[in-house]
Amino acid sequence: LVVASRMADQDGAELVGTLRRKKVEHGMFEDPWKTKVLCWVKQGVLYIKPAVQSNSKGSFRGQEAFDLARWKVDQVDKNKFALTAEGGAQPVRLRAENEEER
């Protein structure tokens, strides 16, 4: 039942995939890219939610939506990009793990 409700969110999406989201605050020896997220674009909005729920401190929870008309997408590197708001909010950094995710 959980899988069915997760898939219902992505019905009608133009793009669906998994990416790694960079944690803003992380420990010195912690991998800042360890958070795997499920992403999809639907009607000009990028939705992001954790691929696996975590209860650890500072971990990303819930679901976020980014209206791509208001957020600028900057390619930082071959497999990294950032979502930047016009108002100067903290950018959201995402990374593809492999060629298929780009």
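Trp71 is buried, because its relative accessible area is 18%, where buried means under 20% relative accessible area, exposed over 50% and partly exposed in between, with a 1.4 Å probe and protein chains only. Please note that this is a predicted model, in which local features need pLDDT of at least 70, side-chain atom pairs count only at pLDDT 80 or more, and totals for chains, interfaces and linings use all residues. Residues are numbered from 1 along each chain as its sequence is written, and side-chain values use heavy atoms, with hydrogens and water left out.

I turn now to the aromatic rings. Rings of Phe, Tyr and Trp (its six-membered ring) pair if their centres lie within 6.5 Å; planes under 30 degrees apart count as stacked, over 60 as edge-to-face and the rest as tilted. That rule gives two aromatic pairs. In the stacked pair, Trp40 and Tyr47 are 5.4 Å apart centre to centre, with 15° between the planes. Trp40 counts as buried because its relative accessibility is 1%. Phe66 and Trp71 form an edge-to-face pair, at 4.8 Å centre to centre and 85° between the planes. Phe66, with 4% relative accessibility, therefore counts as buried.

Which residues does Arg20 contact, leaving aside its neighbours within four places in sequence? They are Trp33, Lys34, Thr35, Lys36, Arg93, Leu94, Arg95 and Glu97, where contact means heavy atoms within 4.5 Å. With Lys34, a polar atom of the Arg20 side chain lies 3.0 Å from the backbone oxygen.

Key: A polar contact is a pair of N or O atoms within 3.5 Å; within protein, one must be able to donate a hydrogen and the other to accept it, and residues adjacent in sequence count only if both atoms are side-chain atoms.
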